[in-house]
Amino acid sequence: MGTWDIDPPGVKGVVDRTITAAEGFETHLTTYGNNLSSAAKNGGSGIVATALQDFANHHEAGIKAMVSQTTKSLTGAVNATKAYVDGDLEMAANAQRNASAK
């Protein structure tokens, strides 16, 4: 039978670093939107504005999915680690209960 080797403090460290990196998403996306809008306004023609709008529309779903998946991955890592720790505590309590019943 295999063994679990999860390091909860290590998971927390990775999650914390990922959250720190992901906090920049909003700032970067705002800058992206502002720059795209500025380029469309100053592009000199309607064709440039249309092309930039098409570009933004094409990538919008992927950007939203990236942000959503990052959140889901972090939540999953935290929940899985919590379940692992809770399971360890439950097994220890059961072992103690069984030992004292003998």
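A crossing of two helices is termed left-handed if the near helix is turned anticlockwise from the far one by less than a right angle, and right-handed if clockwise. In this sense helix α1 passes helix α3 in a left-handed crossing, where helices (H or I, at least four residues) are DSSP runs numbered from the N terminus. The model is a predicted one, in which local features need pLDDT of at least 70 and side-chain atom pairs count only at pLDDT 80 or more, while totals for chains, interfaces and linings use all residues. Residues are numbered from 1 along each chain as its sequence is written, and side-chain values use heavy atoms, with hydrogens and water left out.

The axes of α1 (residues 8-22) and α3, taken as lines fitted to C-alpha atoms over the stretch in contact, with angles running from 0 to 180 degrees between N-to-C directions, come within 10 Å and cross at roughly 165°. That makes α1 roughly antiparallel to α3, a label applied to angles over 145 degrees. Contact, defined as heavy atoms within 4.5 Å, joins P8, V11, V15, T18, I19 and A22 in α1 to T70, L74, A77, V78, T81 and V85 in α3.

Helix α2 (residues 24-42) packs against α3 (residues 46-101) at an angle of about 170°, their axes lying 10 Å apart, and the two helices are therefore roughly antiparallel to each other. On the α2 side, F25, L29, Y32, L36, A39 and A40 take part, and they meet residues of α3 including F55, H59, M66 and T70. Just after α2, G44 takes a positive phi of about 90°.

Because K12 and D16 are four residues apart in helix α1, they are separated by about one helical turn. By this rule the count comes to three salt bridges.

Notes:
Parallel < 35°, antiparallel > 145°, perpendicular 65-115°, else oblique. Salt bridge = Lys/Arg side-chain N within 4 Å of Asp/Glu carboxyl O.
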